[in-house]
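Dear colleague,

Please find below the structure that I am handing over to you, followed by a summary of what was found in it.

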Amino acid sequence: MFRETLALQQPVVYQILDNALKKESLSHCYLFAGTRGTLKQETAFLLAQSVICSHKTDGWACEECLECIRVKDNNYVDLIYLDGSKGLLKIEHINTIQNQFSQTAVEAAGKKVFIINDCENMTLKAANSLLKFIEEPSDNVTGIFITSQIDRLLPTIVSRCQKVSFKPLPKTMYYDFAIENGIDELNSHLLSQMVQDRDQLLEISQQESYQNAVRTFVEFMNYFFRNKKTAITYLENNAFASGQSDRKNDRDSFQYFLNIANIFTDDYHNNKSVDDDSWTDLLEKAHDNDFDSVRFLTAVSQARDALIRSANLSLVIDQLLYRISGGDN
Ligand SMILES: [Zn+2]
């Protein structure tokens with residue numbers, strides 16, 4: 001049941017909705033705001049179900065009856081779902097809501113719900129038309145707006161909705177999600193620190209540029225603890241050197257490399273244990289070799305800044321190598 005997940009992952013959101021549902025005092029209009037991948041959409045559909053379901057417990061939908069299933073599948077006549085992530089929302093889309101909702105409800109529940117995902121992606125005309133619509137609320141209509149960029153919304157729309165803020169989910173949740181999806185220990189550990197979104201996690205895990213970065217980092221550090229010169233030669237010549245043929249890929253990969261370097265230093269500082277032999281081995285080598293983690297971390301963050309400014313990837317890599325080896329190579 002999604003209700004339990006919501007209570008666990010977004011307790012504040014759950015509390016707000018729980019109060020309103022129990023007291024049957026829902027707002028006419030909600031604005032679900034928060035970064036991507038924070039369960040906003042799932043919550044919007046649960047709220048719609050809770051408005052419509054005729055088998056509620058404590059105001060919440062049963063999530064199992066035919067009505068609930070039809071709402072979830074977006075196959076319920078008195079539910080309109082618009083998705084700004086699929087393209088710019090125009091005035092015609094808003095008119096659809098207005099026209100349909102000016103008529104009597106078709107379904108037995110007599111309630112109407114509209115959900116607008118990525119609602120910031122709307123023309124000004126559409127937004128103004130929507131504003132007029134929500135300024136004249138009707139008792140049996142509930143609107144739910146979803147956004148990950150609240151600053152792109154008309155302030156007048158924001159002020160007319162009850163704002164509900166969704167917090168980024170804890171890293172452990174992404175870790176569990178990665179493991180559940182068959183990703184190995186090390187990559188689940190790394191990816192869970194790098195993403196803010198479950199779709200993004202799966203996407204990056206598949207990218208060649210990411211996989212190359214992990215391999216390269218582990219290999220580079222192995223050389224590094226043995227012989228800095230070899231490590232430098234390795235990174236200069238092999239790792240991010242597909243050159244003109246795939247420059248973007250090289251840059252992405254190097255960016256991931258820097259992220260991984262950050263996580264490594266973090267693990268080293270916090271004596272974290274990761275259930276992966278190659279990673280544990282590296283951490284042990286770091287301890288044995290009096291790893292200068294402060295110098296390393298400083299060099300990594302300088303490289304990150306430099307990467308944004310500079311078009312010359314190999315120059316950024318050279319500077320990084322010079323700094324982490326302390327210029328004594
Ligand atoms: Zn139900």
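Which residues in α11 meet which residues in α14? On the α11 side they are V218, M221, N222 and F225, and their partners in α14 are S278, L282 and K285. By class, the residues of this contact comprise four nonpolar, two polar and one charged. Please bear in mind that the model is predicted.

As to the geometry of the pair, two packed helices are described by the angle between their axes and the distance between the axes. Helix α11 covers residues 208-226 and helix α14 covers residues 277-288; their axes come within 10 Å and cross at roughly 30 degrees. Angles under 35 degrees count as roughly parallel, and α11 and α14 are therefore roughly parallel to each other. Their crossing is left-handed.

Turning to the chain as a whole, 16 helices and five strands are present. The domain assignment divides out domain 1 (2-165) and domain 2 (207-324). Between the C-alpha centres of domain 1 and domain 2 the separation is 45 Å.

The overall dimensions may also be of use to you. The C-alpha trace spans about 80 × 40 × 30 Å along its principal axes. The radius of gyration of the chain is 25 Å, whereas a compact globule of 329 residues would have one near 20 Å.

Yours sincerely

Notes: Residues numbered from 1 in each chain as written. Predicted model: local features only at pLDDT ≥ 70, side-chain atom pairs only at ≥ 80, totals over all residues. Axes fitted to C-alpha atoms, helices over the stretch in contact; angles between N-to-C directions. Helix = DSSP H or I, 4+ residues; strand = E, 2+ residues; numbered from the N terminus. Parallel < 35°, antiparallel > 145°, perpendicular 65-115°, else oblique. Left-handed = near helix turned anticlockwise from the far one by under 90°. Contact = placed C-beta atoms within 7 Å. Nonpolar A, V, L, I, M, F, W, Y, C, P; charged D, E, K, R; others polar. Domains from an automatic or database assignment. Rg over C-alpha atoms; globule rule 2.2 N^0.38 Å.
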